[in-house]
Amino acid sequence: MKTKLTLVLAMALTPAAFAEEMKGMDMKQSMPMDNMKMEQSDTEAQTAKATGTVRKIKQDKGSVTIAHGPVPELQWPAMVMGFKATVEQLEDLQEGDEIEFEFTSKGMNSTITSIKQL
């Protein structure tokens, strides 16, 4: 019985011990992401081009989710993310459409400036 209680307590306390151990951990050393530049300064907005597939359209929110390929200008890998867009840019799109688009990115906000179906 003592063995089972000891095992249960050890399992319960293990996550807390790891969390405490990770507090001072430098995440850049543990998770190499040197080629992925996601944040830019508040004053700089960059323009980039990409191709991708429309995953979700939210006309009411003025946004579109796109699975896009790598974006060399911003050193982004391929990923799925949301972009702000105007109603006019979204009106002819459908989920599953293959697209080519240009956008500006400022911090974590990306806004489509032009979009066309392939």
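Strand β2 and strand β3 (residues 79–84) pair in the antiparallel sense over six bridges. Within this pairing, Ala67 has Val80 of β3 as its bridge partner. The model is predicted, and confidence is considered below.

On β1, residues 46–58, the pairing with β2 is also antiparallel, over six bridges. Gly52 stands opposite His68 in β2. Four residues lie between the strands of the β1 and β2 hairpin, where Gly62 takes a positive phi near 65 degrees.

**Confidence**

The protein chain has a mean pLDDT of 80, with 64% of its residues at 70 or more. Where pLDDT is low, the predicted coordinates should not be read in detail.

**Salt bridges**

The count of salt bridges comes to two. In one of them, Lys49 is joined to Glu102, with the closest N and O atoms 3.9 Å apart. This pair links distant parts of the chain, since Lys49 is in strand β1 and Glu102 in strand β4, 53 residues apart. The side chains of Lys116 and Glu100 also meet in a salt bridge, at 3.5 Å from N to O. Lys116 belongs to strand β5 (residues 109–117) and Glu100 to strand β4, so this pair ties together parts 16 residues apart in sequence.

The table gives the accessibility of the residues in these pairs.

| Residue | Relative accessibility | Class |
|---|---|---|
| Lys49 | 51% | exposed |
| Glu102 | 28% | partly exposed |
| Lys116 | 47% | partly exposed |
| Glu100 | 35% | partly exposed |

Lys49 counts as exposed because its 51% relative accessibility is over the 50% cut-off. Lys116, at 47%, is partly exposed because that class covers values between 20% and 50%.

**Asp92**

Asp92 lies in the loop between α3 (87–90) and β4 (98–106). Is Asp92 buried or exposed? At 61% relative accessibility, Asp92 counts as exposed. Leaving aside residues up to four places away in sequence, Asp92 touches Asp97 and Gln117. Gln117 is 25 residues from Asp92 along the chain, and their C-alpha atoms are separated by 9.0 Å.

How values were computed. Residues are numbered from 1 along each chain as its sequence is written. Side-chain values use heavy atoms; hydrogens and water are left out. Helices (H or I, at least four residues) and strands (E, at least two) are DSSP runs, numbered from the N terminus. Buried means under 20% relative accessible area, exposed over 50%, partly exposed in between (1.4 Å probe, protein chains only). Contact means heavy atoms within 4.5 Å. pLDDT is the predictor's confidence in each residue, from 0 to 100. Two strands pair if DSSP finds at least two bridges between them. A salt bridge is a side-chain nitrogen of Lys or Arg within 4 Å of a carboxyl oxygen of Asp or Glu.
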